[in-house]
Every structure is written in structure tokens, then in C-alpha cells.
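Dear colleague,

I am handing over the structure below, together with some notes on what turned up in it. Please read them alongside the model.

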Amino acid sequence: MSDAALWSALADPHRRAIVALLLERPRSVGEIVEACGLSQPSTSKHLKVLREAGLVRVRQDAQRRVYALDAAPIAALDAWLAPYRRLWNRSLDALGRRLDEASDDTRHPPQKD
């Protein structure tokens, strides 16, 4: 599993929707087809990309193939994003302080003599 394969797999909105579904619980291909509104062949192609990227695992359950999310690649992406998240949080904190200051200024305008 390469970082490029992970990012490429997650670049497609249909694959992100499938990942979101599998976050809730493992699902059969039929359930994924129904929930995503895609054709079965299209869904299978998306699942193949996700499987090859290491994002999902598949198991056979009688005649059904059941897909589940693999947490390890998601954890690796989370670790990679951590420094950026800290940067983003600092920016949001600064914005919050500015908004608080602006709100205080509008509630308590300076008195005119």
C-alpha cells in the first residue's frame, strides 16, 4: 500500500461515500450498490481500488462478499494529517479570538463626548 494509492483511492467521491458507509459497519456489495445508487459493476470497480489501496478487506459469506474498513491505512493518514490539523486549529483559535474582540466592540461601542 503506497501513500499515492491511498490518496488516489480517496480522491473519488464515490469511493469516499463507500468508505463512509463502511465506517458504520461491514456491508455486502448489494448493500453498497443500493446505498450508493451505483451499478454493481461500477461499485465493484470502486471496491477493487479501495481493496488494492488497503482501505478495505473482503470476506466471503456464503454467496455474498462482505467488505469492511481496514483501520490501519486510515490511522496512517490521520498521523500524516496531524501537523496540518494543529496548524488549522491554531488558525481557527486566532479567528475565534478576533471574532470575540469584534463582538465585544459592537456590544460596547466607544462613548462619544
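Which residues of helix α1 (residues 3-11) are buried? Before the reply, a word on conventions: this is a predicted model, in which local features need pLDDT of at least 70 and side-chain atom pairs count only at pLDDT 80 or more, while totals for chains, interfaces and linings use all residues. Residues are numbered from 1 along each chain as its sequence is written, and side-chain values use heavy atoms, with hydrogens and water left out.

The buried residues of α1 are Leu6, Ala9 and Leu10, where buried means under 20% relative accessible area, exposed over 50% and partly exposed in between, with a 1.4 Å probe and protein chains only. Seen down the axis of α1, these buried residues fall within an arc of 90°, so they line one face of the helix; the arc is that of the directions from the helix axis to the C-beta atoms. The face turned away from that buried side carries the exposed residues Ala4 and Ala11. Helices (H or I, at least four residues) and strands (E, at least two) are DSSP runs, numbered from the N terminus.

Trp7, also found in helix α1, is partly exposed, with a relative accessible area of 39%. Together with Trp80, Leu81 and Tyr84, Trp7 forms a nonpolar patch on the surface, with about 420 Å² of accessible area, and helix α5 (residues 71-107) gives the most to this patch, with three residues.

Rings of Phe, Tyr and Trp (its six-membered ring) pair if their centres lie within 6.5 Å, with planes under 30 degrees apart counted as stacked, over 60 as edge-to-face and the rest as tilted. By this rule the count comes to two aromatic pairs. Trp7 and Trp80 form an edge-to-face pair, at 5.3 Å centre to centre and 70° between the planes; Trp7 lies in α1 and Trp80 in α5, so the pair ties together parts that are 73 residues apart in sequence. Ring pairs link Trp7, Trp80 and Tyr84 into a cluster.

Finally, strands β2 (residues 56-61) and β3 (residues 64-69) pair in the antiparallel sense over six bridges, pairing requiring at least two DSSP bridges.

Best regards

Methods
Patches are made of residues with over 30% relative accessible area and no salt bridge: like charges are joined within 9 Å, nonpolar side chains (Val, Leu, Ile, Met, Phe, Trp, Tyr) within 5 Å. Accessible areas come from the Shrake-Rupley method with a 1.4 Å probe; for residues, only the protein chains shown count as cover. A salt bridge is a side-chain nitrogen of Lys or Arg within 4 Å of a carboxyl oxygen of Asp or Glu.
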